[in-house]
Each structure stands twice: as structure tokens, then as C-alpha cells.
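Here are my notes on the model, as numbered points. Please read them with the structure open.

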Amino acid sequence: MADNTIFYWGSGSPPCWRIMIALQEKKLFGIPQKLLSFDKQEHKSLDVLAINPRGQLPTFKHNGNIVNESFAACMYLESQYKSQGNQLIPDAPAEQALVYQRMFEVLTLHQKMADYAFYNWRVPEPERHESALARNKAALTSEFTLWEGYLGKVGSLSQKELRYNEQQMMRQYRVGVITDL
């Protein structure tokens, strides 16, 4: 890999996991990586801020190209290494549309989870209302029902059809999406 490549990541971060999964799937084992501590505010270091002014993780620079949003980095890696490792984005238009739809739709799930889980933390006590928490819970329950329907359909797909996005979404949903809370 070029000297102008680095991947900064933080433990327990699903957006960082997305890029880590993409790197593994594309068999890019030589990408320099650096684990940073959120507790020590290492993601606000000058090295990170130089390529990601928000000081957020993941922070990814490849051959001088900066791509810090995790979905964008995954798409970038697929385009740069299309013939290497496993294909992340299918070629067939219908499958590709579904992958992109779920890839970005999962952000709504994350937001509804955060709205419910962090309500008491984000809203000052005098401004809290049980009805607002109940609405957030109902919205999250409805969203989970929608995703359970998506996951129920996955069982009928062949392994070839089960592309990167569904694999990633299932890992997050079943194993680690709660970490976003």
C-alpha cells in the first residue's frame, strides 16, 4: 500500500466495523490501521483532524484520497478493488438497488434507536415527557418490525445473492447494532 494510506478506527464503533469488514472482504490486509481510544480523545488528535476536521472515526485516507463516511469508504473500496476479494456491490441492477436501499435505510433504524435509547440523556429532565418516550418506543418498534420482515426474506436467498450489505446489516442487527445505543 502507498505511504499515503491510513485507517483510523475506534473499538466498538459500527461505522468502523463497516470499513474493517470491507477491507477483509476485499482481502486488503496491508492497509495501515491505527486503533484510537475514544476515552483518551485520540480521535481529536492533530493527525486525525488533518484529514477529518470533525475529529470522528472512522477516518480513512487511501493513496491521498480522503473518505471518512463509512458507507462511502466501502463503496470507494469496491470501486478501487472491484476484481479483488469478494464483490461487495452486485452488478445486476435490481440487486444493486436493494443493496443501496438497505445500506442507506439502516441509518433510519440507527436514528430511531438513538432517539429512544438516548432520550433521557439528550433531553433535560424538566423537558421530558412520557408521551415523547412512548412515541420514540413505538417508532422503534415499528422500524424493528419492518427490519424483521427484511431479515425473514433473507432466508430464501442463495449465498451468492446474500451480498455485503445484507451480511453487514445482519451482523449489526443481530450482534452489534445495540452498540450504537
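1. Salt bridges. Six salt bridges are present in the structure. This is a predicted model, and the distances below are computed from it.

2. How exposed is K82? K82 is partly exposed, because its relative accessible area is 42%. E78 has a relative accessibility of 3%, and therefore counts as buried, the cut-off being under 20%.

3. Onward to D91. K82 has a salt bridge with D91 as well, at 3.3 Å from N to O. The relative accessible area of D91 is 53%, so D91 is exposed, the cut-off being over 50%.

4. The network. Which residues are linked in a network of salt bridges? They are K26, E78, K82 and D91. Follow the links in that order.

5. Helix α1. This helix covers residues 14-25, twelve residues in total. From first C-alpha to last, α1 reaches 16 Å, close to the 16 Å expected at 1.5 Å a residue. Buried residues in α1 are P14, C16, R18, I19, I21, A22, L23 and E25. For reading such a list, recall that an α-helix has 3.6 residues a turn, so residues three or four places apart point the same way.

6. After α1. K27 follows the helix, and its phi is positive, near 60 degrees.

7. Overall layout. The protein has seven helices and four strands. Read from the N terminus, the order is β-α-β-α-β-β-α-α-α-α-α.

8. Contacts and burial. Take the contacts between residues at least 6 apart in sequence: 65% of them join residues at least 24 apart. The protein has 181 residues, and 42% count as buried.

9. Surface. The accessible surface is about 10,200 Å². Carbon and sulfur atoms account for 53% of this area.

How values were computed
Residues are numbered from 1 along each chain as its sequence is written. This is a predicted model: local features need pLDDT of at least 70, side-chain atom pairs count only at pLDDT 80 or more; totals for chains, interfaces and linings use all residues. Side-chain values use heavy atoms; hydrogens and water are left out. Helices (H or I, at least four residues) and strands (E, at least two) are DSSP runs, numbered from the N terminus. The expected span of a helix is 1.5 Å times one less than its number of residues. Buried means under 20% relative accessible area, exposed over 50%, partly exposed in between (1.4 Å probe, protein chains only). Contact means heavy atoms within 4.5 Å. Accessible areas come from the Shrake-Rupley method with a 1.4 Å probe; for residues, only the protein chains shown count as cover. A salt bridge is a side-chain nitrogen of Lys or Arg within 4 Å of a carboxyl oxygen of Asp or Glu.
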